[in-house]
Structures are given as structure tokens and as C-alpha cells.
Amino acid sequence: MSAGFETAESFRKWRFTWEAVSHIPFLRLVVFAPHINPSILCKKLKVNLNLEAFQLTLSWIEENEVSLKVPVPRVLVDVETPVNFMLFEDHIEVKLVLLLPVDHPIVLNFGTALTLTEDEVCHEESLIVLDLQPLRIDSDVKSLSSMEGVHFHCKMCSTKLTKRLLRSFTEMPSVNWRESADSWFGACCCSFGGISEKLVNRYANSFICKDGKCLLDTASVTVSKDDLEGCKFPDLDVNKIPENETENIRSSEEKVRCIHHQEEIVHANLHCEVPETFVDNSLCSSHDVCIMPPTENESAENIKLQNNQISFLNGFLGSVFMARSSSLSKEVEWMEFRCPKCSSLLGACPCNATNHVPLDGGVRLFKCCISTCLPVGGPTDTFRQYSLEKMFASQLVESAKDELLFRIAVRDLKTKSLMLQVVLLNPNSWCCAGYCFGPSNPVLKLDLLPVIKVQYADGSEATDDQLRIMEDWVSKNQADEVYMLKHQIGELIQSLKLAQGTFPPSYSSLHGVPLSYIRR
């Protein structure tokens, strides 16, 4: 084993983490190693900042002189301000003053402009800007629609998932579409609601899952199961529906009514009396949807379609990435869809809870699990910037809005058991971490990444007593509750634990609750 390799390995026990907050011109570095007390060990500490090489050197005296190199992110440091550093029991802290905050547009493009040609800068900057931008569904629809056709691939093993090129892409409506129902139907001056009923039916029909058609929401792409390779779900033979079941469906549908008349203008109130088997009556609102009841001549297949429309319009067949309780129904069971080759989780399909038959024939593929091109994650991959952590953080920040502290409880979609608690502390942090280098080792380029700072509690392996405490916390703090697939919750917990390990023990908890961050 060479001396250089031994040196490199000996310094890998030392870790570093850079941290900053948006709009604040300060950059903080913590350097630490397990079971080492720098306040005792690192005597006569010296810190030297070399901005030309974008590296910072820490040296001190043990038996001999020890030197560590830390890469410095591409930021604009105020060289006229002295470097501040302090020694603590479990880490070394260094603070740099910046000329501009880390999220300033000049800073975001600063690193690429230093090292690349003009053409390379334009290409690299576009990729960086794309990676740092928030996830936006409208840009996804535009990107996919501009292609001649798209095949989806498994992000883990690159297996092609689709049987044919997909060319039709439509944005799914929000599950809160009733909030804007007045702008759709409220000003409709028509004859006693008949037109509004047809409008709602047409609205529902426009989002039926069909072969060759993709429906996009913020977290997933809905693809017909007939367009996917290795997609095996039981099919429903409408001719074999028991007569009593058909009569129950017909009886339930006859409850659906839409009547609202106000003064001289008839408005579509969009009031829906959905069967109790589909939704709790407490969830119905003044903007629930109206569907025309079936006639005696309608077939069982049409009756089944109208039930699917009701489930869709009431939000039961939307994305299941982070589902709210109002989007769940006892009649709908979400079945996992996995890659036919590597068995990694790709998405889920809403099925009848009794016979496990797909309700609308559509499989929701999570954007963080699929790619639109090969190689996976390439420059033309529409979903290259998606990850489980970014999708979770995006929806968490959107839900938090202007709240100073936002609390969320994450439950298993199937068992409804509490698996994770998250408190959003700061949605505008930046961070990067790694291992220190020895004096003779080259220092790599480093970029700060946008993150959200959180506290979390892992309930996946909690005892009954611990779970009771966690449930009391949910009730006491009126925490928002979401439901996710168990596998994805497990991945989130592992990601939080790994991120927590990038800080020394004194930084990794607050009031006894673990601190961590999530990529946004």
C-alpha cells in the first residue's frame, strides 16, 4: 500500500459540512471526527483560506504537524474580513463573510463561469438552473409534449417500461378543484342545471385513463396499464358482475342529484350525494360534484365507469405520493407497481379493495423512479431533477406556506400507523458535506445545494409507549397528516438519518429531537 493512499485513508475519518441560509451573507463550516475532542487535540490551530484554489487548510500540532484540506464552495467570499474559527468538544467551526448571499443569481452561475468555455458555460448553467429550480408540472408537460414520443425507463436498472411511444400528455386537475368550481360553473346562466351536469360529465371524461395518454400531476405520471410491460393486474369482466352487485351500484347512483336555483339565474351548485361506501359524508362540501344518474338502458360497464368518475372527482384516484385523509376511501386499495426486472418500486395503481381489480386502468408512476431517456439522468431526461427527497420537500414547503413551524405526521398508507414525524424549521437553507483531504490529495469542485432544515422522529421501530407519545404529539400540535407507501417512508427515514450524520453530535439534535435536512 502506497504512502499516499495511507495518508488519504487516514484523513477520511475527518468530515466537513458547509451550511448557509438564503439572503444572509454568511457561510459556516464544521469539521469533526468521531471520538475526537478538537478543543484538546487541535492545539495551535491555524486556518488558511486559498480562494484561487477554492480550498481551506486547517493545521495544528499533535506529535507532529497535522494538516487537513477542505474544498470551498463556489461563492463570493469577502477577503477583507478575517476568517473566524473556534474549537469545541466535538467539532471545529469556521465562519466566512460573503459579498453576496448564496442564492444570488450571480453566485449560482459563478462556479461554471470560472472553469468552462462560453458554450460549455451556457449548457452547464442551464443544467444547474434546472436542478436548482423548484419542481414544476407545467414545464414537465411542455418538455414531454415537445418530444416526438417518449418511452419511460426504470431509473434503477434502465429497463424500458412502455410498450409503445407515448405522445399525449395532459396535466391533471388539483384534488382541490372544487375551490375553483364557481369560476367553471357558478356564473353559468342555463336551463335548470342540465348544461352544468353535462359540463361536469365532460370534465370527468376528459381525464379518463386511455391507451397512449399520460396524465401528469406534481409527483407522478398516470399511464394505462395496457401501455406498460409486465403490468399484471386482474381484469374485470363486466358480464360476470353479480346481479345484486349491479343493483347496488344502480341504487347508489340514483342518490346522485344536482339541484340549485337562486333568484333569476340557475347556478350549478355541484352538490354530490356520494354513496357512503365511497366517502364519509363529513367530507362532502358545497362544491362536491354532480353526476347524472344512469338510465335503465345503461350497461354494467357504463355504471362501473360512472363510479370511477365519482371516485376521480372526489379525489380518490389522484396521486398517492402524499395523500390526505380526504383523498382516501375504504373502497380503494393502492397496489404497488414494481419494475418487472429489478423489482424496485415504480408506482401504484388504485384497485377495488374487494377483488383488487384496477378502478381506472391507470398506473401512477412516480417521477423520482422513472426516466424519459437513456442514459438515465441524462441532459434530456425530463425527470432528471426529481428525487424522493425533493418531491417530499416540495410538497412539505407548499403545505407550510407562511407558517413559522410546520408539523406533519406521515402514516403508512395501508395500515394507517404513524411512521414519521417532521417539523419544518427552515425552508431556505443551503448545505454540502464530504470528507476532508490530506495535503497531497487534489481537492474536488464543490457546490452548495438547497435544502430544508427539519426535526424528525422515527416511528417505524417505536415501542407502543413511544407510539402513544407520538400520537399525543400529533393531536396536541394539530399536525397535518399525510399517507405514503411504507417503502417510501422507509427511504425517507434512511435519508434523514444519513443527513443527520453529516453534523457533529452537538449539531444533530435540538431539545433531544434529531435535526437533519432534506434536499429541495
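Leaving aside neighbours within four places in sequence, cysteine 231 is in contact (heavy atoms within 4.5 Å) with Lys225, Phe337 and Val363. The model is a predicted one, in which local features need pLDDT of at least 70 and side-chain atom pairs count only at pLDDT 80 or more, while totals for chains, interfaces and linings use all residues. Residues are numbered from 1 along each chain as its sequence is written, and side-chain values use heavy atoms, with hydrogens and water left out.

Cysteine 231 is placed in the loop between β11 (220-224) and α9 (243-253), where helices (H or I, at least four residues) and strands (E, at least two) are DSSP runs numbered from the N terminus. With a relative accessible area of 16%, cysteine 231 counts as buried, a term that denotes under 20% relative accessible area, as against over 50% for exposed and values in between for partly exposed (1.4 Å probe, protein chains only). Valine 363 lies 132 residues from cysteine 231 in sequence, but the two C-alpha atoms are 8.9 Å apart in space.

The chain as a whole has 13 helices and 21 strands, and 48% of its 520 residues are buried. Of the contacts with a separation of 6 or more, 65% are accounted for by residues 24 or more positions apart.

Helix α11 (residues 388-400) has 13 residues and reaches 18 Å from its first C-alpha to its last, close to the 18 Å expected, the expected span being 1.5 Å times one less than the number of residues. Its buried residues include Leu388, Met391, Phe392 and Leu396. Not counting residues up to four places away in sequence, phenylalanine 392 touches Phe321, Met322, Val410, Val422, Met484, Leu492 and Ile518. Just after α11, lysine 401 takes a positive phi of about 55°.

Arginine 411, found in strand β16 (residues 406-412), is buried, with a relative accessible area of 8%. Its side chain reaches the backbone oxygen of lysine 416 at 3.2 Å. Beyond four places in sequence, the residues in contact with arginine 411 include Glu471, Glu481, Tyr483 and Met484.

Technical notes
Polar contact = N/O pair within 3.5 Å; in protein donor to acceptor, adjacent residues only side chain to side chain.
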